[in-house]
Amino acid sequence: MAEMLNIIVICGSLRRGSYNAALARALPGLAPSGMKLTAGPPFDIIPHYNADLQNSAGFPVSVNAFADAIRAADGLIIVSPEYNWSIPGPLKNAIDWVSRMKDQPFANKPVALQSCATGALGGARMQYHLRQSLTSIDAFLFGRPEVLVSFSAQKFDEKTLELKDQPTIDIVKQQLIAFEAFIRRVSK
Ligand SMILES: Cc1cc2nc3c(=O)[nH]c(=O)nc-3n(C[C@H](O)[C@H](O)[C@H](O)COP(=O)(O)O)c2cc1C
């Protein structure tokens, strides 16, 4: 039997009623049996990146915790909204901090992307920016199928925020199966 893969899930939205957080919560129930999904450590407590802070006090505890969780994982799933056609600031800030580390946590790390957006493009532009940023620090970005949940307000239950849209459920399952195969291939 293949070894269980430990995957951390990072949600780019901080708001309570977040569709992206709702999708992230649904993932353990949609993942293949060879994957164990765990929520990543908080990154909203990470201070704004400032090289002076890094040079005087080193990496904050919150950054080290975030980096250690990435290093320990077999792969990452980032589920994030798009803000103004790009990566939400708190998530980009966490990536910027981690990008300065010598034992680079993202290097050779398999990463899959998912996004929910209330508009028609489903967060596609944010995903392309994440692909650029994470490739710059040597992550292995999973390709297809892509998970882009457009018009997300229609895809989740209004009250419970449960994912109720069958085509979305199907594509998420397909991506997770393909992501597991990708991790096993690139991690050999
Ligand atoms: C600051 C801000 C910028 C946004 N920019 C975009 C955008 O560029 N593209 C888009 O599709 N939706 C954009 N939206 C709308 C989000 O898709 C919508 O608010 C979504 O619900 C956010 O994800 P969440 O529910 O996980 O918090 C923006 C929302 C905010 C608050």
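A search of the whole structure finds five salt bridges; the term means a side-chain nitrogen of Lys or Arg within 4 Å of a carboxyl oxygen of Asp or Glu. The model is predicted: local features need pLDDT of at least 70, side-chain atom pairs count only at pLDDT 80 or more, and totals for chains, interfaces and linings use all residues. Residues are numbered from 1 along each chain as its sequence is written, and side-chain values use heavy atoms, with hydrogens and water left out. Helices (H or I, at least four residues) and strands (E, at least two) are DSSP runs, numbered from the N terminus.

**Salt-bridge network around Arg 71**

- Asp 68, Arg 71 and Asp 103 form a network of salt bridges.
- Asp 68 and Arg 71 pair through their side chains at 3.0 Å, N to O. Both sit in helix α3, three residues apart, about one turn of the helix.
- Arg 71 also forms a salt bridge with Asp 103, at 3.3 Å, N to O. This pair links distant parts of the chain, 32 residues apart: Arg 71 is in helix α3, while Asp 103 is in the loop between α4 and β4 (110–116).
- Accessibility has three classes: buried is under 20% relative accessible area, exposed is over 50%, and partly exposed is in between (1.4 Å probe, protein chains only).
- Asp 68 has a relative accessible area of 43%, so Asp 68 is partly exposed. Arg 71, with 28%, is partly exposed as well. Asp 103 counts as exposed because its relative accessibility is 53%.

- Glu 180 and Arg 184 meet in a salt bridge at 2.9 Å, N to O.
- Both residues lie in helix α6, four residues apart, about one turn of the helix.
- Glu 180 is buried, with a relative accessible area of 14%. Arg 184 is partly exposed, at 25% relative accessibility.

**Packing of α3 against α4**

- Helix α3 (residues 61–72) packs on helix α4 (residues 89–99) at an angle of about 85 degrees, with the axes 10 Å apart. Axes are lines fitted to C-alpha atoms, for helices over the stretch in contact, and angles run from 0 to 180 degrees between N-to-C directions.
- The two helices, α3 and α4, are therefore roughly perpendicular to each other; that label covers angles of 65 to 115 degrees, with under 35 roughly parallel, over 145 roughly antiparallel and the rest oblique.
- Val 63, Phe 66 and Ala 67 of α3 make the contact with Ala 94, Trp 97 and Val 98 of α4. Contact means heavy atoms within 4.5 Å.

- Buried residues of α4 include Leu 91, Asn 93, Ile 95 and Ser 99.
- Elements covering the buried residues of α4 include β1 (5–11), α2 (51–57), α3, β3 (75–79) and α5 (124–135).
- Lys 92 belongs to helix α4. Lys 92 is partly exposed, with a relative accessible area of 28%.
- Leaving aside neighbours within four places in sequence, Lys 92 contacts Ile 87 and Ser 133. The C-alpha atoms of Lys 92 and Leu 130 are separated by 8.6 Å, although the two residues are 38 residues apart along the chain.

**Ser 152**

- Ser 152 lies in the loop between β6 (147–149) and α6 (166–186).
- Ser 152 counts as buried because its relative accessibility is 0%.
- Beyond neighbours within four places in sequence, Ser 152 is in contact with Tyr 19, Cys 116, Ala 117 and Thr 118.
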